[in-house]
Amino acid sequence: MIIDIVIASYNGSRYIKEQIESIINDPDFNYINNIIISDDGSQDDTEVQVRSFGNNKINFIKNQGNKGPAGNFVNALSQTNADYIFFCDQDDVWCNSRIVNFIKAIPNINNDSPGVIYSDLLVVNSELEIIKRSFYSHESIPPSGHIS
């Protein structure tokens, strides 16, 4: 089972280092084949922040021209042949065990058609102080079939 993480970045230097640290410090990071970061022409030091890790599992790709958020993710997806792909925004911070929780949910996917595994999240401010313990609650979205 090959698992990649794809990240779309654009002027994300303020948060991306902490975000990558949260992924590579997950106790189950060894399950991850690559982190593919597609950058949409950042004008800040996003690339410097990413390359400072010196981790051969982290691949930084610059887009040719500005693709916008959706096109940026599509560009990242074009760089992987993994069996499973975890999407991540540049300002996410992953809680420990997120990787293994998603891996445990993979057998619930019907292999005859595309599937999605998703979870709720904590809503935090720029200092990672909790604003709301549930995004679903914060946005009045009724949860169905999610994992923590």
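Predicted model: local features only at pLDDT ≥ 70, side-chain atom pairs only at ≥ 80, totals over all residues.

Trainee: Where does threonine 80 sit, and is it buried or exposed?

Mentor: Threonine 80 is in the loop between helix H3 (68-77) and S4. Buried means under 20% relative accessible area. Threonine 80 counts as buried because its relative accessibility is 9%. Not counting residues up to four places away in sequence, threonine 80 touches Asp4, Val6, Ile36 and Ile85.

Trainee: What does the side chain of serine 42 reach?

Mentor: The side chain of serine 42 reaches the backbone nitrogen of asparagine 11 at 2.6 Å. There is also a side-chain partner: a polar contact of 2.6 Å joins serine 42 and aspartate 39. Serine 42 is found in the loop between strand S2 (32-39) and helix H2 (46-51). With a relative accessible area of 17%, serine 42 is buried. Leaving aside neighbours within four places in sequence, its contacts are Ser9, Tyr10, Asn11 and Gly12.

Trainee: Which residues does serine 22 contact, leaving aside its neighbours within four places in sequence?

Mentor: Those contacts are Val93 and Trp94. Serine 22 lies in helix H1 and is buried, at a relative accessible area of 11%. Its side chain reaches the backbone oxygen of glutamine 19 at 2.7 Å. For distance along the chain against distance in space, take serine 22 and isoleucine 2: they are 20 residues apart in sequence and 20 Å apart, C-alpha to C-alpha.

Trainee: Now the nonpolar core. How many residues does the largest one have?

Mentor: To read a core, look for buried nonpolar residues joined through their side chains. The largest nonpolar core here has 19 residues, and those with the most contacts inside it are Ile5, Ile23, Ile32, Ile35, Ile37 and Phe86. Strand S1 (3-9), H1, S2, strand S3 (58-62), S4 and H4 each give two or more residues to this core. Apart from it lies another core, of six residues, including Val6, Ile36, Ile61 and Phe73.

Trainee: What is isoleucine 35 in contact with, beyond its neighbours within four places in sequence?

Mentor: Isoleucine 35 is in contact with Ile5, Ile7, Ile23, Ile24, Phe29, Lys57, Ile58 and Asn59.

Trainee: How do I read the buried side of a helix?

Mentor: In H4 the buried residues are Ile99, Val100, Phe102, Ile103 and Ala105, and their cover includes S1, H1, S2 and S4. Alanine 105 counts as buried at 6% relative accessibility. In H3 the buried residues are Gly68, Asn72, Phe73, Asn75 and Ala76, and they pack against S1, S2, S3 and S4.

Trainee: What should I look for in the backbone angles?

Mentor: Most residues other than glycine have a negative phi. Serine 97 has a positive phi, near 75°. Serine 97 lies in the loop between S4 and H4 and is partly exposed, with a relative accessible area of 27%. Leucine 128 also has a positive phi, of about 65°, although it is not a glycine. Leucine 128 is in the loop between S5 and strand S6 (130-132) and counts as partly exposed at 36% relative accessibility.

Trainee: Last, the pocket. What is the volume of the largest pocket, and which residues lie nearest its centre?

Mentor: Its volume is about 1400 Å³. The lining has 42 residues, of which Phe87, Asp92, Trp94, Arg98 and Ser119 lie nearest the centre. By class, 23 residues of the lining are nonpolar, eleven polar and eight charged.

Trainee: Which elements supply that lining?

Mentor: Helix H1 (16-24), strand S4 (84-89), helix H4 (98-105), strand S5 (123-124) and helix H5 (135-139) each supply at least two residues. S4 gives the largest share, six residues.

How values were computed: Residues numbered from 1 in each chain as written. Heavy atoms only, no water. 1 Å grid on protein atoms, 1.4 Å probe; cavity = no way out; pocket = protein on both sides within 12 Å on 5 of 7 lines; lining within 4 Å. Points joined across faces, edges and corners; volume = space filled by probe spheres on them. Helix = DSSP H or I, 4+ residues; strand = E, 2+ residues; numbered from the N terminus. Nonpolar A, V, L, I, M, F, W, Y, C, P; charged D, E, K, R; others polar. Buried < 20%, exposed > 50% of the residue type's maximum accessible area, 1.4 Å probe, protein only. Polar contact = N/O pair within 3.5 Å; in protein donor to acceptor, adjacent residues only side chain to side chain. Contact = heavy atoms within 4.5 Å. Core = buried A, V, L, I, M, F, W, Y, C linked by side-chain atoms within 4.5 Å.
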